[in-house]
Number of protein chains: 2
Amino acid sequence: MAYPRLAPSSSLPFLLLSLICSLVSAQAYEDATIKTMEDFSGYPLHERNDPFGGSSSLPTSLSVDGDSLQRQIDELSTFSDTPAPSVTRILYSDKDVLARRYIKNLMGLSGLSVREDAVGNIFGRWDGYEPGLPAVATGSHIDAIPYSGKYDGVVGVLGAIEALNVLKRSGFRPKRSLEVILFTSEEPTRFGISCLGSRLLAGSKVLAEALKKTTVDGQNISFVDAARYAGYMKGEDDLSNVFLNSGNYSAFLELHIEQGPILEAEGLSIGIVTAIAAPASIKVDFEGNGGHAGAALMPNRNDAGLAAAELALAVEKHVLDSGSIDTVGTVGILELHPGAINSIPSKSHLEIDTRDIDEKRRNEVIEKIHQSAVAIAKKRSVSLTEFRIVNQDPPALSDKSIVKAMEDTSKELNLPHKLMISRAYHDSLFMARISPMGMLFIPCFKGYSHKPEEYAASQDIANGVKVLALTLAKLSLD
Amino acid sequence: MAYPRLAPSSSLPFLLLSLICSLVSAQAYEDATIKTMEDFSGYPLHERNDPFGGSSSLPTSLSVDGDSLQRQIDELSTFSDTPAPSVTRILYSDKDVLARRYIKNLMGLSGLSVREDAVGNIFGRWDGYEPGLPAVATGSHIDAIPYSGKYDGVVGVLGAIEALNVLKRSGFRPKRSLEVILFTSEEPTRFGISCLGSRLLAGSKVLAEALKKTTVDGQNISFVDAARYAGYMKGEDDLSNVFLNSGNYSAFLELHIEQGPILEAEGLSIGIVTAIAAPASIKVDFEGNGGHAGAALMPNRNDAGLAAAELALAVEKHVLDSGSIDTVGTVGILELHPGAINSIPSKSHLEIDTRDIDEKRRNEVIEKIHQSAVAIAKKRSVSLTEFRIVNQDPPALSDKSIVKAMEDTSKELNLPHKLMISRAYHDSLFMARISPMGMLFIPCFKGYSHKPEEYAASQDIANGVKVLALTLAKLSLD
């Protein structure tokens, strides 16, 4: 599907590559190292001999093909389970599988060798002339929460592939290999676990165990069955083979829309992330006696729905009481059971997200939310049947030398920029555990994200890709 | 399905009747008056000549077959879309169709002639020896909200059929015809309209128009398509043929579990309803900008979910402020969009139920709820995109002579009883518009209803059936 629709949207070099691609496909099929991916993607791929020859000095001109990149962003957004302009792409759904195929095809057309791990993290590698050295990696995610937009994550995957194309077109030859990573399930939508792929790459044994044994989605489909449906975890009974050593990468970069209003408001092209806020998520269940909405008198009620409403407002209060602009808290999920107009809710379920750049301050908020949940349950005579902190991650600091490299590059390209923190968290938060990390932000319309109105201008995306490409080139020569 | 499972659970008279029933089925198939029902139910039915002969004086002994009645209640509860002990039976679902078939079969076995109208109100008639007189009717509903119990409504349908069996076994012969009514969709679950069947019988032109033209369920299935799926509205393009004249019945009675704790607490067998509280329901939608749970700072948010939480608590406050124990209000439905943990709710939807025996006081509460919705929207900069009063019905008063008949009967049977009001509303609320009305309550465990723990003791049900039977006999001789 993606293959024919790719061609018309491709620039000349792309067309040449797809030609080469089809010519060498027969030989490619005999190449054991990529056969698995072949089988899965259904598209011909190849190890490509650089037709440009290439040099190991930094590129002097960087030409981003903004039109192709925009068309790819638009095409990818059509792999969605909800109507445009909204995008809904849930982990291991049919649309997710098609979108992954589309990305792997682009990687192949760019001459990257593609590898997938057991959970579907996808790696597209451009070998450097010293392939033995730790590589320089960049990437993001393409999964999308229900009714969201087409730029979150996607800019950091398609933009990364284009960054490597830019370097290839410029004739640059990397010393360290350059790698584009598509991370599995940065969004927690399906299994309630955010940054699932990067958490595993960073070596979370607890998560590996949970995924194999206990993790199910809302329809009670196990993670393993869902992964197999999408063509992963075939045979693998051990997820520890997904873990990466900390020596694996010398640097990791992620390009991403800001998802906040600052860069746009200040008219800046580039945000250089110095730290990523510490996220935590909590699941809460209340239970009461329910009953008939007409017959049960108010004094005799213990309404689990009103307990949930009170807790939602308590979350907001405790977050605001922290006194810091950097503390945020959200109740994104609030469900009532049985959910009938004439029935008093007998059960309620909340999912709470809270973040801060200050881990201690965030943990104090979580403690206050817990105290409120207990107090509300007591006051309303409902039982607090669950208060589970699903994850409570520390913040991550960017690597100073990578920050400097991104700053220098922005200056060289005359792009107005600033140092900032990321309040949203990203796969970079977990990659920082096994590699020096840096993040690049570009402006987005009104800071909107996670909704259909999410938008980033082609020019801003192109600027981000330029900074990414040149920074990758520098780091690959380190 | 219901038929074979009925036999083993049936008492001796039932087995005899089923025998007669199968013997006469051939002739029954030629009876035009019941052919439609035949076709639909798939079970043989018949007009039966009373084998007991019978007398027109009041019965001296009333023997309720409590065991069969309990087994029928248990059997009916198995037609459910959720696991026992919960019951979920939604209008026009496959399980609803099977349950209706089961009831029509019982009516047939009791020798009642069965008629269905265009929306599936079902009438089982025992002709009196003066069939020209307005009949005496009794009945209730069998639809069940999600995850509810097996007695709400059901006791008033199966109990009514058993009441007629009691009279038949006693040899009684009614002067006015006696009719058992199964009302379509007393619960608002599927189309948001409570007492859909009885509202139509009472002649609501507005509802008839809405059902034909605009009414859809949560999956956007039209009422007409749903009705046709269940075998109704075949050909009928005019729902006004469902309307009944006010002269149609000389009296209507409904037997129902109290759905409140009073009778059990006071150790009484029978509650005689003097008035039914005035119900109203409201739908509310808030809309905000949504956004990313991490990136959007608290001061920049307009969270539609928190607006909903505030309104839910405001409903409770305004209800309590009324100062009357008879005022109740419930938020049974509260939904957030998009419903992801890391996404600020951009939309919220509430459905509010409020009732009172004092219509004016209830309407004042509704007005306060509206004022709060407006104020909350203003304060949180969200838009109040809908505030719709779906229904706002007046209370209903029971007919004094029917109340007296129920009181006298309770005394004659030495059953401790009291006069009380019904805070839950029922099809009787609407039948009162076209007929003198009365309601009988029996105790239920802790007043529980609309949940799996709902329970009424066989002895209490039998007492209710006795009072119903004898009262019907008296009214039929009026």
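A crossing of two helices is termed left-handed if the near helix is turned anticlockwise from the far one by less than a right angle, and right-handed if clockwise. The structure described here is a predicted model, in which local features need pLDDT of at least 70 and side-chain atom pairs count only at pLDDT 80 or more, while totals for chains, interfaces and linings use all residues. Residues are numbered from 1 along each chain as its sequence is written, chains are lettered from A and ligands numbered from 1 in the order in which they are written, and side-chain values use heavy atoms, with hydrogens and water left out.

Helices (H or I, at least four residues) and strands (E, at least two) are DSSP runs, numbered from the N terminus. Two packed helices are described by the angle between their axes and the distance between the axes. Axes are lines fitted to C-alpha atoms, for helices over the stretch in contact, and angles run from 0 to 180 degrees between N-to-C directions. The axes of helix H5 (residues 94–109) and helix H6 (residues 154–169) of chain B come within 10 Å and cross at roughly 15°. H5(B) and H6(B) are therefore roughly parallel to each other; angles under 35 degrees count as roughly parallel, over 145 as roughly antiparallel, 65 to 115 as roughly perpendicular and the rest as oblique. The crossing of these two helices is left-handed. B:Ile103, B:Leu106 and B:Met107 of H5(B) make the contact with B:Val157, B:Leu158 and B:Ile161 of H6(B), where contact means heavy atoms within 4.5 Å. By class, this contact comprises six nonpolar, no polar and no charged residues. Here Ala, Val, Leu, Ile, Met, Phe, Trp, Tyr, Cys and Pro count as nonpolar, Asp, Glu, Lys and Arg as charged, and the others, Gly among them, as polar.

H5(B) also packs with helix H4 (residues 66–76) of chain B, at an angle of about 155° and with the axes 10 Å apart. H4(B) is therefore roughly antiparallel to H5(B). In this packing, B:Gln72, B:Glu75 and B:Leu76 of H4(B) meet B:Ala99, B:Tyr102, B:Ile103 and B:Leu106 of H5(B). The contact of H4(B) with H5(B) has five nonpolar residues, one polar and one charged.

Chain A contains 15 helices and 15 strands. Of its 478 residues, 63% are buried, that is, under 20% relative accessible area, with exposed meaning over 50% and partly exposed in between (1.4 Å probe, protein chains only). Among the contacts of chain A with a separation of 6 or more, 79% involve residues 24 or more positions apart.

An open sheet of four strands in chain A has the order E10-E11-E9-E12, with antiparallel pairing; two strands pair if DSSP finds at least two bridges between them. Strand E10 (328–337) and strand E12 (383–392) are the edge strands, each pairing on one side only. From one strand to the next, the twist averages 15°. Strand E9 (residues 278–287) and E12(A) are joined in the antiparallel sense by eight bridges, and A:Lys283 stands opposite A:Arg388 in E12(A). Helix H12 (residues 359–379) of chain A lies across E9, strand E11 (347–356) and E12, and runs at about 170° to E12(A).

Elsewhere in chain A, strand E15 (residues 437–442) is mostly covered, with six of its six residues buried. A:Met437, A:Met439 and A:Phe441 lie on one side of E15(A), and A:Gly438, A:Leu440 and A:Ile442 on the other. E15(A) runs parallel to strand E7 (residues 249–257), to which six bridges join it, and A:Leu255 stands opposite A:Leu440. Three bridges join E15(A) to strand E8 (residues 270–276) in the antiparallel sense, with A:Val273 opposite A:Met439. Strand E8 of chain A includes A:Ile270, which counts as buried at 0% relative accessibility. Residues up to four places away in sequence aside, A:Ile270 touches several others, including A:Leu440, A:Phe441 and A:Ile442.

In chain B, six of the seven residues of strand E8 (residues 270–276) are buried, so this strand is largely enclosed by the rest of the structure. E8(B) pairs in the parallel sense with strand E14 (residues 417–422) over six bridges, and B:Ala275 stands opposite B:Ile421. Three bridges join E8(B) to strand E15 (residues 437–442) of chain B in the antiparallel sense.
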